[in-house]
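Subject: Structure for your review

Dear colleague,

Please find below the structure that I am handing over to you. My notes on what was found in it follow directly after it.

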Amino acid sequence: MVQSFVAHTEEISGSTLNKVAGDGRTYSYWRRRIMLSMMIGYAAFYLLRTNFTMAIPYLQSELGYTKAEIGIIISAGAILYGLGKGITGLLGDRSNARYFMSAGLLGSAIVSFCLGFSSTWIMLSVLYIFNQCFQSMGWPPCARLLTHWFSPKEIGTKWALWNTSQQIGGAAVLIASPYIMEIFGWRYVFYVPAVLCVGVAFFLLNRLRDSPESLGLPPIENHHGLVEAHEIDDNKLTTKEIFLQVAQNKLVWYVCGANFFVYIVRMFVLYWAPTFLQEFKGSSLKLAGWQAAMFDIAGMFGGLIAGYLSDKVFEGRRGRVGFLYMIVLAISIVFLWQSPVDQKWQHFLGMMLIGFLVTGPQILVGVAAADFASKKAAGAATGLTGTVGYLGAAVAGYGIGKIVDNSGWDTAFASIAVCALLSAFFFALTWNHRAKVLDKRN
């Protein structure tokens with residue numbers, strides 16, 4: 001009888017071990033699949049966003065619009081994108097990320113295609129704003145997927161890995177666009193990415209899955225041993241509860257402040273780099289495209305290193321890395337600003353430094369917001385930081401365009417350097433804070 005009991009116990013233990021091993025293999029497969037699909041999908045979003053930047057010189061030369069007029073379009077789109085991020089963040093926490101992200105990309109592709117037919121300022125503005133609304137549906141589902149498939153002890157690194165999709169998509173447009181426009185005309189910078197992204201939208205629909213639980217797998221915290229299964233609260237929060245959890249969290253508001261100034265710097269470069277490199281540094285459009293692409297390429301490494309440092313060196317304290325990056329970023333902005341016109345290698349180096357240093361904090365804002373708000377409100381928290389960030393982007397659009405028209409590029413660069421220092425201040429306010437689950441674990 002004893003032998004029978006022991007044999008039965010061993011059989012149960014073996015079955016449990018096999019299940020755990022099976023879960024591990026299944027988890028590994030799906031985490032790789034989700035990460036790769038998200039990266040391809042979010043890179044596609046950037047194909048439909050950065051193309052407008054490359055069209056700006058033609059909007060000026062062929063359609064006769066001033067920087068201030070183009071800046072109004074950019075700022076209006078940025079405001080709608082930011083507001084959209086806040087709304088879609090709330091909706092995204094209670095929606096299936098698979099369908100949400102696919103629908104956003106498909107809508108953006110259709111509107112971007114229509115942009116290629118536009119010439120009047122009103123039509124350009126309306127379609128650009130609609131495009132930004134659909135663009136706002138990209139980030140929140142990714143925040144949801146990241147926080148459900150990757151645990152707090154690794155999410156800084158994984159978030160940074162995913163974020164390289166922005167640089168991949170942005171760099172692809174910056175490098176390819178001048179050649180597309182030279183061969184086919186500037187309007188094809190809208191047509192070609194739109195057609196590609198229709199296919200990517202259906203790819204996402206096929207490849208993504210909302211959460212481990214939707215596949216019958218345990219929650220990621222349980223799988224990684226951060227908490228026991230009985231400690232995980234499976235109850236979904238209501239939209240009101242999500243909103244209050246985020247709105248009443250002062251740490252989320254601190255990273256919102258940091259993001260406001262991060263985005264002024266980041267979008268200044270994204271919106272105006274090809275233009276200021278042509279006008280201020282004497283580059284051709286093709287050379288300016290490659291120089292601006294260095295911003296994105298270097299940004300991939302800056303983001304990955306920032307994520308790693310925040311996970312492994314500072315043990316989840318994202319604010320420390322953000323602070324250090326922004327201080328050095330202010331110095332790099334001055335370096336590019338003061339670099340001689342005939343020193344093209346310094347322009348390349350300056351764009352690389354700024355891309356490296358601005359991307360890390362931009363990633364860590366989202367990670368920190370998700371840490372402070374919990375994964376159930378990750379979409380809303382990152383949506384709020386996005387809303388505030390794109391208010392900063394609105395400043396970078398119309399505000400910088402107006403400054404350059406009235407006072408020149410020198411004043412614009414001085415203003416951007418100050419913004420980098422202000423962002424560092426807000427990151428410093430979160431110096432000792434990290435996700436609560438990491439404190440419980442220790």
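Five salt bridges are present in the structure, which is a predicted model. One of them joins the side chains of Arg31 and Glu154, with N and O 3.0 Å apart. Because Arg31 belongs to helix H1 and Glu154 to the loop between helix H6 (139-149) and H7, this pair ties together parts that are 123 residues apart in sequence. Both partners are buried. For Arg31 the relative accessibility is 13%, so this residue falls under the 20% limit for burial. The helix that holds Arg31, H1, covers residues 2-47.

A second salt bridge links Asp210 with Arg144, and here the closest N and O atoms are 2.7 Å apart. This pair also connects distant parts of the chain: Asp210 sits in the loop between H8 and helix H9 (220-223), Arg144 sits in helix H6, and 66 residues separate them. Asp210 counts as buried because its relative accessibility is 10%. Arg144 counts as buried as well, at 6%.

The side chains of Glu315 and Arg317 form a further salt bridge, at 3.8 Å from N to O. Are these two residues buried, exposed or partly exposed? Glu315 is partly exposed, since its relative accessible area is 44%, whereas Arg317, with 17%, is buried. Glu315 is located in the loop between helix H12 (285-313) and helix H13 (318-338). Its backbone deserves a remark. Most residues other than glycine have a negative phi. The phi of Glu315, however, is positive, near 50°. Finally on this topic, a network of salt bridges links Asp311, Arg318 and Asp371.

Which side chain does the side chain of Arg266 meet in a polar contact? The partner is Gln166, at 2.6 Å. Arg266 belongs to helix H11 (residues 250-279), and its relative accessible area of 3% is the reason why this residue counts as buried. Once neighbours within four places in sequence are set aside, Arg266 is in contact with Tyr46, Gln166, Phe295, Val358, Gln362 and Tyr390.

The other residue is Tyr27, which is part of helix H1. Tyr27 is buried because its relative accessible area is 1%. Its side chain reaches the backbone oxygen of Pro218 at 2.3 Å. Along the chain, Tyr27 and Pro218 are 191 residues apart, yet 9.3 Å separates their C-alpha atoms.

On the surface there is a nonpolar patch made of Ile183, Phe184, Tyr188, Val192 and Leu196, which together have about 510 Å² of accessible area. Helix H7 (155-184) and helix H8 (188-207) are the elements that give two or more residues to the patch. H8 provides the largest share, with three residues. Ile183 is part of helix H7, and because its relative accessibility is 64%, this residue counts as exposed.

As for the chain as a whole, its secondary structure consists of 17 helices and zero strands. Of its 442 residues, 58% are buried. The chain exposes about 17,400 Å², and carbon and sulfur atoms supply 66% of that area. Where do the partners in contacts lie along the sequence? Among contacts between residues at least 6 apart in sequence, 85% join residues at least 24 apart.

A word on confidence is also in order. The average pLDDT of the chain is 82, and 89% of the residues score at least 70. Over residues 5-21 the pLDDT is below 50, and this stretch has zero contacts in the model beyond near neighbours in sequence. Residues 228-232 also stay under 50, but for them the model has five contacts beyond four places in sequence. Which helices mark the two ends of the confidence range? Helix H17 (residues 436-441) has the lowest confidence, with a mean of 63, and H8 has the highest, at 95. H8 is also the helix that gives three residues to the nonpolar patch.

With kind regards

Note on methods
Residues numbered from 1 in each chain as written. Predicted model: local features only at pLDDT ≥ 70, side-chain atom pairs only at ≥ 80, totals over all residues. Heavy atoms only, no water. Patch = residues over 30% accessible without salt bridge, like charges linked within 9 Å, V, L, I, M, F, W, Y side chains within 5 Å. Areas by Shrake-Rupley, 256 points an atom, 1.4 Å probe, with all protein chains shown as cover. Salt bridge = Lys/Arg side-chain N within 4 Å of Asp/Glu carboxyl O. Helix = DSSP H or I, 4+ residues; strand = E, 2+ residues; numbered from the N terminus. Buried < 20%, exposed > 50% of the residue type's maximum accessible area, 1.4 Å probe, protein only. pLDDT = per-residue confidence, 0-100. Contact = heavy atoms within 4.5 Å. Polar contact = N/O pair within 3.5 Å; in protein donor to acceptor, adjacent residues only side chain to side chain.
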